[in-house]
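Subject: Structure handover

Hello,

The structure we discussed is below, with the sequence. My notes on what was found follow it.

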Amino acid sequence: MIEKVRKTIQKHNMLQLGDRVLVAVSGGVDSIALLRALHELRGEWQLELAVAHLDHRMRPGSEHDARFVADYAASLKLPCVCETIDVPKYIQSEKLSPEEGARRVRYAFLMRTARRLHANVIALGHNLDDQVETFFLHLLRGAGLAGLSGIPPVRYEGDVRYIRPLIDCSREEILAYAHAKRLEYRDDPTNQEVKFLRNRVRWELLPLLRKYNPNVLETVARAEETLRKANQYLQRVAEKEFQQALVRENSEEIALNRHRVSALEELMQEYVLREAIRRIQGNLQGIEAVHVEHMRTELARGHGGAQVTLPGGIRFVMQSDHVLLTRRPSPGPSTPYCFQLHRDGKNSLEPIGWRFELTLLEGSHPDPADHLEARIDSATIVEPLYARSWRRGDRFRPLGLGGTKKLQDYFVDAKIPRDERDRISLVCDQEGILWVVGWCVSERCRVTPQTLQTLCIRAIPLKEE
């Protein structure tokens, strides 16, 4: 087994000379074998090893596991950090599944301990059986390509590197190694309980598959590696497509060019949308294939104003030219406002989150740079200018329509959701609406070839500054 671990480390470039490695040790056979193997190989990479153990308090007698791990670390003359956290209480308060709650607490503990000990590597004991079990779990839950790519041998979180040196070793090989080295370890009785889906995969599905293919572990692992390479390639392409479609990005929302995303192949659409979620949420936890499919469905329908609510409080909103992923809640009715706009200087209106910049251009300049810029014929303005909220009964002449229209009817025709309308500002003069910000300029003030001076108005969200 040691030779296989060495080859796995070299194949995936898991370790560098002088790495400080924190080994996650539960006390089970996998983690004990991992610690012993790294201890044997430490001289080849000049490693500094330390041990971390978390008592989840999820079963009686778990405190004895902590003492066992601490004693074994001491026998190897390695520093050991043990911590106790009431995970069941955390799971209940956060309304999580036992598996997800334990995972979050465990990884937070490992990262915290790595920072404390100045370790740049965290070693985990996942093995080949775990890899294959996870594949079937994800398959049964309807995961996409990323989910079927298996457990990554190496993963980075900031400047910390997670490694899994046993990922190519079967549980049978690990048990044989432990027996040969006369290693003691702790058995977790919950691993035998078939009420958990993973255990049913382990004790019922895999033995059945071995009747058809005795080498099912290696066969599935090879398929996972192919899927992982394909996923990594598609992810790189998706990052480029995301950048080309990106209109704006800040901590609260991401806007993508709707037409560019719609033109992508179906699979690439999924990857770009996942990339947008990952950037705004920081991860893809809770995001399943069904969520991405709902977004793609609305994208194909093309109905402005359609929304999809995603886990984590994120909303996917279809707009006229953009698709928006936002953390902002759907706004309720807002307080009416009206602010005068001054031509000299920047009009920063913090209560409504906008800054309006006004620039007078000589001559006719009919084409705005984007939807947040309006160009109007200066001679048509009846001063002063205002930025205000919309009111019931507002009417204007949408550019190109000819006649007047109720603003509320315009919202309906443009498929702007009711809860988005209160976020839309109007630029008006004494005669009425000049610009529905982000949407439409009035026919009354349009720039023509005869225009002598063009007033350029730019609306800039203050959140982006």
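In this predicted model, Ile9 touches Met14, Leu15, Leu38, Leu41, Trp45 and Pro165, leaving aside residues up to four places away in sequence. Ile9 also belongs to the largest nonpolar core, which has 35 residues. Along with Leu15, Val21, Val23, Leu35 and Leu38, Ile9 touches the most other members of that core. Several elements give two or more residues to this core, among them helix H1 (2-11), strand S1 (20-24), helix H3 (62-75) and helix H7 (171-180). Helix H2 (29-45) is on that list too, and H2 gives the most, with 9 residues.

Next, a covered strand. All 5 of the 5 residues in strand S15 (residues 373-377) are buried. In general, side chains in a regular strand alternate between the two faces of the sheet. In S15, Glu373, Arg375 and Asp377 lie on one side and Ala374 and Ile376 on the other, and both faces are covered. S15 runs antiparallel to strand S22 (residues 453-461), joined to S22 by 5 bridges. One of the pairs is Ile376 with Leu455 in S22.

Last, the cysteines. How many disulfides does the structure hold? The count is 0. For Cys445, the closest cysteine sulfur is in Cys440, 9.2 Å away, so the two are too far apart for a bond. Cys445 is buried, with a relative accessible area of 0%. Cys169 is buried as well, with a relative accessible area of 0%.

Regards

Note on methods: Residues are numbered from 1 along each chain as its sequence is written. This is a predicted model: local features need pLDDT of at least 70, side-chain atom pairs count only at pLDDT 80 or more; totals for chains, interfaces and linings use all residues. Side-chain values use heavy atoms; hydrogens and water are left out. A disulfide is a pair of cysteine sulfur atoms within 2.5 Å. Buried means under 20% relative accessible area, exposed over 50%, partly exposed in between (1.4 Å probe, protein chains only). Helices (H or I, at least four residues) and strands (E, at least two) are DSSP runs, numbered from the N terminus. Two strands pair if DSSP finds at least two bridges between them. A nonpolar core is a set of buried Ala, Val, Leu, Ile, Met, Phe, Trp, Tyr and Cys residues joined through side-chain atoms within 4.5 Å. Contact means heavy atoms within 4.5 Å.
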